[in-house]
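Please open the structure in a viewer and keep the selection tool at hand.

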Amino acid sequence: MAGILGRKVQQKLAEAMSKRSHFSKDEVDKLLDMYSAITIGGTRLDRNKFRDVLHNTFDMTDDILMDRVFRAFDKDMDSNLSQEEWVLGLSVFLRGTLEERVAYCFNVYDMNNDGYISREENVPNAQKLQWSSKQQKRTR
């Protein structure tokens, strides 16, 4: 009986979140299933598990970038992602409008959260992009 009740609660949650995201109800339901599988039925997704998802799903390997992406998802700054933060974060990450994606990228690269992206914050990122560009040219 608990499984049926849990499923109904999840379906209501999926319906509510689909109205606040760029996903359909069915897509939100699948993301909630994924969340449950990642957390093994837990209620929170921690930084390490999230980094594993970024690495395994999106081939992200940069530790600093993965931490910044986690911070952009973690709206309440409690070092864990709730189901809502997971779905709404992925909504912007995968299907956000141009304005949402610009704000998201700004949050990722504003390392000290001062509302500005300074040269000091951006130099390591520019160096990595330059190195990556050189590597791609060599493999062509």
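Is aspartate 76 buried, partly exposed or exposed? Aspartate 76 is partly exposed, with a relative accessible area of 43%; here buried means under 20% relative accessible area, exposed over 50%, and partly exposed in between (1.4 Å probe, protein chains only).

Before continuing, please note that this is a predicted model, in which local features need pLDDT of at least 70 and side-chain atom pairs count only at pLDDT 80 or more, while totals for chains, interfaces and linings use all residues. Residues are numbered from 1 along each chain as its sequence is written, and side-chain values use heavy atoms, with hydrogens and water left out.

**First selection: aspartate 76 and arginine 44**

Select arginine 44 together with aspartate 76: their side chains meet in a salt bridge at 3.9 Å, N to O. A salt bridge is a side-chain nitrogen of Lys or Arg within 4 Å of a carboxyl oxygen of Asp or Glu. The pair links distant parts of the chain, 32 residues apart: aspartate 76 is in the loop between α4 (63–73) and β2 (80–81), and arginine 44 is in the loop between α2 and β1 (45–46). Helices (H or I, at least four residues) and strands (E, at least two) are DSSP runs, numbered from the N terminus. Arginine 44 is partly exposed, at 34% relative accessible area.

Next, select glutamate 84 and arginine 20, which form a salt bridge whose closest N and O atoms are 2.6 Å apart. This pair also joins distant parts of the chain, with glutamate 84 in helix α5 (residues 83–95) and arginine 20 in the loop between α1 (2–18) and α2 (25–38). Glutamate 84 counts as partly exposed at 35% relative accessibility, whereas arginine 20 is exposed at 52%.

Now select residues 47–58, the 12 residues of helix α3. Which residues of α3 are buried? They are Phe50, Arg51, Val53 and Leu54. What covers these buried residues includes α2, β1, α4, β2 and α5. On the face turned away from the buried side, α3 carries the exposed residues Asn48 and Asn56.

At the N-terminal end, aspartate 46 caps α3, with a side-chain oxygen 3.1 Å from the backbone nitrogen of asparagine 48. After α3 comes aspartate 59, whose phi is positive, near 55 degrees.

**Final selection: a network**

Finally, select Arg47, Arg51, Asp63 and Asp67, which are linked in a network of salt bridges. A search of the whole structure finds 8 salt bridges.

Conventions. The expected span of a helix is 1.5 Å times one less than its number of residues. Contact means heavy atoms within 4.5 Å. A polar contact is a pair of N or O atoms within 3.5 Å; within protein, one must be able to donate a hydrogen and the other to accept it, and residues adjacent in sequence count only if both atoms are side-chain atoms.
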